[in-house]
Amino acid sequence: PNPMASLLERQKAGEAQAVCSVQRALLAFFTAAAALILTASVVSVPAPSLTLHSAGITWSAPRALFSQPDLEHTELESVFVHPTALALSLPPPSPPADVSDVTCHARLHTDYMGERAPVWGLGNPGFHLKDAAECCAACQAHAMVCGKPGSSAKSWWPQRPEMRCGNNPGCNLWVFCPEEQCFAFDIHVHTQGECWLKQQHANITRPKDPHEGHTAFPEAMRRSPRDTWPWAVETKIWPGGIPELVPWISGVLAPAEAVISSAPADDRWRKRWCDKHGPKYGGCD
């Protein structure tokens with residue numbers, strides 16, 4: 001064999017190996033640099049936030065958090081559900097479509113109690129109106145006239161001039177029956193159109209609500225025998241069982257930007273019933 005040829009071949013092979021080593025090093029360098037640039041851009045550039053609403057709380061986090069392929073649903077729950085959220089108020093129910101005035105804060109399947117009722121919807125003629133929007137307008141009219149010095153003899157509703165303020169405070173909370181008959185735990189038959197004008201002395205953004213923010217009666221309560229109901233309701237008043245949903249529409253008068261959330265009523269009959277009978281009939285939510 002030719003020694004010179006062998007030497008040249010070995011030299012070329014060595015040079016080729018060196019070039020490959022340099023190429024590999026450069027590739028590794030540029031890969032690491034690209035990763036650093038990508039990481040820096042994610043950290044330094046504010047990403048749009050994603051907002052979730054849970055149990056009355058608004059939680060926000062960078063949307064980039066949700067693009068991670070290895071972030072499972074259970075991990076999202078651990079991020080957003082705080083233990084104290086369970087003790088807070090439920091999100092407000094949807095407003096009815098026919099109440100466009102946002103200062104009415106109308107809520108479907110809600111029956112605010114307040115503290116007193118200056119105007120009863122019950123009776124003949126009682127106070128019956130065509131819809132929830134008109135009921136809210138009546139509350140606004142009552143609030144404009146009544147509850148002021150010298151207002152006791154004043155008429156406040158043009159369609160019913162015989163209705164006077166009396167010594168009642170002005171309305172700031174209203175309840176309307178939109179169904180043919182609205183269920184309630186009492187001795188009265190409540191019919192469509194009933195408009196109850198109520199009042200709460202303070203904290204109107206926290207209206208007293210016997211259902212405590214729930215829009216449905218507890219399933220356990222609906223399954224229970226009639227003689228265990230929170231209050232006696234004769235079959236001639238309401239022959240069927242407890243309905244699934246609270247039938248009433250309620251609202252409060254407050255600025256449009258006000259946040260309304262239910263507060264416990266003075267008589268917490270729902271909680272009392274659930275504590276006593278709930279476990280026997282499947283538990284309350």
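Here is the tour, starting with some ground rules.

This is a predicted model, with residues numbered from 1 along each chain as its sequence is written. Local features need pLDDT of at least 70 and side-chain atom pairs count only at pLDDT 80 or more, while totals for chains, interfaces and linings use all residues, and side-chain values use heavy atoms, with hydrogens and water left out.

Begin by selecting strand S4, residues 173–176. Helices (H or I, at least four residues) and strands (E, at least two) are DSSP runs, numbered from the N terminus. Leu173 and Val175 point one way from S4, Trp174 and Phe176 the other, and all are buried (under 20% relative accessible area with a 1.4 Å probe, protein chains only; exposed is over 50%, partly exposed in between).

Strand S7 (residues 195–199) runs antiparallel to S4, joined by 4 bridges; two strands pair if DSSP finds at least two bridges between them. Look for Leu197 of S7 opposite Trp174. Strand S9 (residues 249–252) also pairs with S4 in the antiparallel sense, over 4 bridges, and Ser250 there is the bridge partner of Val175.

Now for the largest nonpolar core, 27 residues in all. Such a core is a set of buried Ala, Val, Leu, Ile, Met, Phe, Trp, Tyr and Cys residues joined through side-chain atoms within 4.5 Å. Phe183, Phe185, Phe217, Met221, Ile242, Trp248 and Val252 touch the most other members. S4, helix H4 (219–223) and helix H5 (269–277) each supply at least two residues of this core, and H5 gives the largest share, 3 residues.

Last stop: a second, separate core of 24 residues, including Val119, Leu129, Trp156 and Leu197.
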